[in-house]
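I wanted a quick look through this one, jotting things down as I went. My notes follow the structure.

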Amino acid sequence: MLFQGCIIARVGDYSQSTELNLGYILGLLLQICNNPDRIAFNSLIDGDNEIYSMDLAGTELQQLTFNSTSDTSPSWSPNGMQIAFQGNRLGVDGIYLINSDGSNERALVVDGFVNQLPAFAPDGQGIYFASNRGGSTQEIHHLDLNTFVITQITNSAGAYDNVSPAVSPGSDYVYFNTTFSGNDDIARIRKDGSDFSVIVTDPNSDLEPAISRDGTMLLLTADRDGNQEIYMAQPDGLNQINFSSDGGNDGAAAFSPDGRQIVFASDRPISDQEIYTISMDGTGLTQLTSNSTLDTDPTWSCR
């Protein structure tokens, strides 16, 4: 394969034991990052949920949405230029898009169905989201931003819900929360809709999957010890480790672009939720927000 005259790899060089994902490498080479190292999140600062962004010091706070209804679940485009989010403008959840400075807000999927929890595709050309458009249950769908064709990825045949999609350029899978087994578990499916499997199951709730950019680490929220904790696992769900291990409720974790840190929401050591960052070795805990309301759903822009 050739890229601007340089040999990246030859097809014959690839084997199943190759650790590096070629799509991930190409994504890094082609990426142009605007607004590096910004954290988007939703907060009740002005009385209802709005989308905000800030830098890694917790300063340069910018309110991006201004609406009397709830705006939640922000997701950065891979180049940092846009943010998809869930809004309730017309009395039902829909998927919206804004520029990273809050300008040019527009509706993407607002059609009377419950459309929620968007996640930008790694190529920036689509958005994964959960919707009940196929029936009474929630399924994972993909919106092509060029053609606006919506493709259903999961199919429970109305038997259970699939929500909270998470994707990365280093993985061929969509990770999501499923009620396949009767409680909240973590599952994955290939982006073409094949190879569905439940990879994290527990009598308690397992929620909010996040997959690292290189596809080698999985984060999830679980309440196995009496409060919510962030767990880290292999991408197949094996070797789960309680990463946060704190007396407070920790969750809604997302990776930094280089996989060396995470951003998450926690009510430690106070009663309202704030946004924190921490290194993957457990050091460098930093509180980014400090107010008397709820801040959650943080997501990290490009780097």
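**Arginine 133 and its partner.** I looked up arginine 133 and found it partly exposed, at 23% relative accessibility. Bear in mind that this is a predicted model. Which residue does arginine 133 meet in a salt bridge? I found aspartate 111, with 2.5 Å from N to O. Arginine 133 lies in the loop between strand E11 (126-131) and strand E12 (139-144), and aspartate 111 in the loop between strand E9 (106-109) and strand E10 (115-120), so the bridge ties together parts that are 22 residues apart in sequence. Aspartate 111 is also noted as partly exposed, with a relative accessible area of 36%.

**Salt bridges, whole structure.** I then searched the whole structure and got 12 salt bridges. I followed up on another two of them.

**Arginine 303 and aspartate 258.** In this salt bridge I read 2.4 Å between the closest N and O atoms. Arginine 303 is in the segment after strand E26 (295-300), while aspartate 258 is in the loop between E22 and E23, 45 residues apart. Are these two buried or partly exposed? Arginine 303 comes out partly exposed at 36% relative accessibility, and aspartate 258 is partly exposed at 34%. I also noted a network of salt bridges that links Asp37, Asp258 and Arg303.

**Arginine 268 and aspartate 250.** Here the closest N and O atoms of the salt bridge are 2.8 Å apart. Buried or exposed? I checked: aspartate 250 has 0% relative accessibility and counts as buried. Arginine 268 has 12%, which is under the 20% cut-off, so arginine 268 counts as buried too.

I listed what arginine 268 touches, leaving out residues up to four places away in sequence: Ser244, Asp246, Asp250, Tyr276 and Leu285. Then I looked at the peptide bond between arginine 268 and proline 269, and that bond is cis, with omega at about -25 degrees. Proline 269 is in the loop between E23 and E24. I flagged the bond because most peptide bonds are trans.

**Positive phi.** Most residues other than glycine have a negative phi, so I went looking for exceptions. Alanine 157 has a positive phi of about 55 degrees, and alanine 252 has a positive phi of about 55 degrees as well. Where do they lie? Alanine 157 is in the loop between strand E13 (150-152) and E14, whereas alanine 252 is in strand E22. I have alanine 157 down as exposed, with a relative accessible area of 69%, and alanine 252 as buried at 10%.

**Aromatic pairs.** My search of the whole structure turned up 8 aromatic pairs. I picked out phenylalanine 264 and tyrosine 276: the ring centres are 5.7 Å apart and the planes are at 20 degrees, so I wrote this pair down as stacked. Phenylalanine 264 is in strand E23 (residues 261-266) and tyrosine 276 in strand E24 (residues 274-279), 12 residues apart. Phenylalanine 264 is buried, at 2% relative accessible area, and tyrosine 276 is buried at 4%. Tyr276 is one of the residues on my contact list for arginine 268.

Elsewhere, I traced a cluster in which ring pairs link Tyr160, Phe176, Phe180 and Phe196.

**Charges over rings.** I found the charged end of arginine 188 over the ring of tyrosine 173, 3.9 Å from its centre. I also found arginine 89 over the face of tyrosine 96, at 5.0 Å from the ring centre.

**A four-stranded sheet.** Last, I looked up an open sheet of 4 strands, which run in the order E14-E15-E16-E17 with antiparallel pairing. Which strands stand at the edges? They are E14 (162-166) and E17 (197-200), each with a single partner strand, so one side of each has no neighbour in the sheet. On average, neighbouring strands here are turned by 35 degrees against each other, direction ignored. I counted 3 bridges between E14 and strand E15 (residues 173-178), in the antiparallel sense. Valine 163 stands opposite asparagine 177 in E15.

How values were computed. Residues are numbered from 1 along each chain as its sequence is written. This is a predicted model: local features need pLDDT of at least 70, side-chain atom pairs count only at pLDDT 80 or more; totals for chains, interfaces and linings use all residues. Side-chain values use heavy atoms; hydrogens and water are left out. Rings of Phe, Tyr and Trp (its six-membered ring) pair if their centres lie within 6.5 Å; planes under 30 degrees apart count as stacked, over 60 as edge-to-face and the rest as tilted. Helices (H or I, at least four residues) and strands (E, at least two) are DSSP runs, numbered from the N terminus. Buried means under 20% relative accessible area, exposed over 50%, partly exposed in between (1.4 Å probe, protein chains only). A charge sits over a ring if NZ of Lys or CZ of Arg is within 6 Å of the ring centre and within 35 degrees of the ring normal. Contact means heavy atoms within 4.5 Å. Two strands pair if DSSP finds at least two bridges between them. Axes are lines fitted to C-alpha atoms, for helices over the stretch in contact, and angles run from 0 to 180 degrees between N-to-C directions. A salt bridge is a side-chain nitrogen of Lys or Arg within 4 Å of a carboxyl oxygen of Asp or Glu.
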